[in-house]
Amino acid sequence: MILHVDMDAFFASVEQRDNPQLRGKALVVSGHSKRSVVSTASYEARKFGIHSAMPLFQALQLCPHLTIVSGNREKYVQDSKKIMEILSQFTPLVEPVSIDEAYMDIRGCETLFGSPQQIAMKIKHQVAQELGLTCSIGAAPVRFLAKIASDINKPNGFTLINEEHIEEFIKILPIGKVPGVGKRAMATMTALNIQFLGDIKRLTPEVLERKFGKMGQRLSELSQGIDPTPVGGCISRKSISSEITLPQDIIASAEIKQVLLACAQRVGRDLRKKGWLCRHVSIKIKFSDFTQITRGKKTTSWVSSSKAIYDEAVTLVDRVSLKKKIRLLGVGVSDFMDESKPIQMSLIPDPTEIANAQWETVDHTVDAVLDKFGTNVIQKATLSRRNNFQIEST
Ligand code: TTP
Ligand code: MG
């Protein structure tokens, strides 16, 4: 689970806390000149339609008795530091993203602090007690949904989006609420008759790439509830990948699988060396005409075995209709977690989960031998027939 914590009307609330006369009043934190813009508006002022970035003269037209307070950034920075310190008491994986908001990865914290809801309530209580401020918290299995959730019940809200509700939620989530969808993307969405995030599923990967470029694949993932972006903190690296430029272009399935296996083994080994598990696997295919596609999927559980990575990569390649020969193939993993952190296992592990755990034991043994004697000592039987590719890892 990921939490997104966002302070309510941050600068304005700090001013209201420090000056009781300002409590309950429509106020803005802003400069006093004609050209000033509003930094933030108290919730009382928002009732008049005043919001951040609005020119001050316009705010005064909407609410003539508006109180204008000059900001004190140094004071807000001090409060921000204290807020981040409170969050760090619950997990080391805290990623501040602005002066008043942060993501927290709370996987593994449940035994110590309780359910996501209980953790959120404890945070709210501590922030209120120690700083006299309120915040809104969103909880979801993925980052972008946690961010959207924190905005749903503002101020002083808590919204939880469970795994089983994600599909339903995405179906009716207005596309404009999706982080990264700005004015330009919105115009394209309207032209394509895309109203909700769920509508993105109607578009083929080719159309998405053509209309939205690099963002196309991300939109496709988000529409399936997948967000590989990890919460920063200890694990900041975004991905590990390995790709092979082939000596000759290939199209036969057996050859493709052989290359995927080589990449998966390399990636798996790098992953295990770092002591990490991953939750997302991707593939990259460059065709003979130099066009390129990438595909990705969330794994069903946290994995580090080369076999699990390979299986996911094969599934992804199988979904691509291959009409052109391939000149480069790559496998990547992302969304990491430290192996030493306790993971919540399924109550009844499915056979794949058990098989993956067994493969991980085999992998660790193989890694140990490779570390001692070099990379050519052990290879999977399928790889030993042909190994004249060039592997590049990133
Ligand atoms: P936000 O979290 O965007 O706004 P907020 O905390 O005031 O209100 P909300 O309850 O909706 O979260 O921004 C945090 C602070 O950053 C805000 O209090 C003031 C500052 N800020 C600016 O100075 N200019 C801006 O345009 C925005 C959006 C924020
Ligand atoms: Mg805020």
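The model is predicted.

**Magnesium site**
- Asp-6 (OD), Met-7 (O) and Asp-100 (OD) coordinate the magnesium ion (ligand 2) at 2.0 to 2.3 Å.
- Along the chain, the donors of this ion follow the spacing D-M-x92-D.
- Asp-6 and Met-7 are both buried.

- Strand S6 is largely enclosed by the rest of the structure, because 5 of its 5 residues are buried.
- In a regular strand, side chains alternate between the two faces of the sheet.
- In S6, Glu-101, Tyr-103 and Asp-105 point one way, whereas Ala-102 and Met-104 point the other way.
- S1 and S6 run antiparallel and are joined by 5 bridges; Leu-3 has Met-104 in S6 as its bridge partner.
- S6 also pairs with strand S5 (residues 94–98) in the antiparallel sense, over 4 bridges.
- Ser-98 stands opposite Glu-101 in S6, and a hairpin of 2 residues joins S5 to S6.

- In soluble globular proteins, nonpolar side chains tend to be buried together.
- The largest nonpolar core has 35 residues, and Leu-3, Met-104 and Ile-119 are among those with the most contacts inside it.
- Elements that each supply at least two residues of this core include strand S1 (2–7), strand S6 (101–105) and helix H6 (116–131).
- Beyond its neighbours within four places in sequence, Ile-119 is in contact with residues including Leu-3, Phe-90 and Phe-113.
- A second, separate core has 34 residues, among them Ile-240, Ile-256, Leu-260 and Ile-285.

Notes. Residues are numbered from 1 along each chain as its sequence is written. Chains are lettered from A and ligands numbered from 1 in the order in which they are written. This is a predicted model: local features need pLDDT of at least 70, side-chain atom pairs count only at pLDDT 80 or more; totals for chains, interfaces and linings use all residues. Side-chain values use heavy atoms; hydrogens and water are left out. A nonpolar core is a set of buried Ala, Val, Leu, Ile, Met, Phe, Trp, Tyr and Cys residues joined through side-chain atoms within 4.5 Å. Buried means under 20% relative accessible area, exposed over 50%, partly exposed in between (1.4 Å probe, protein chains only). Contact means heavy atoms within 4.5 Å. Donors are N, O and S atoms within 2.8 Å of the metal (3.2 Å for Na, K and Ca); water is not among the atoms, so sites may look incomplete. Two strands pair if DSSP finds at least two bridges between them.
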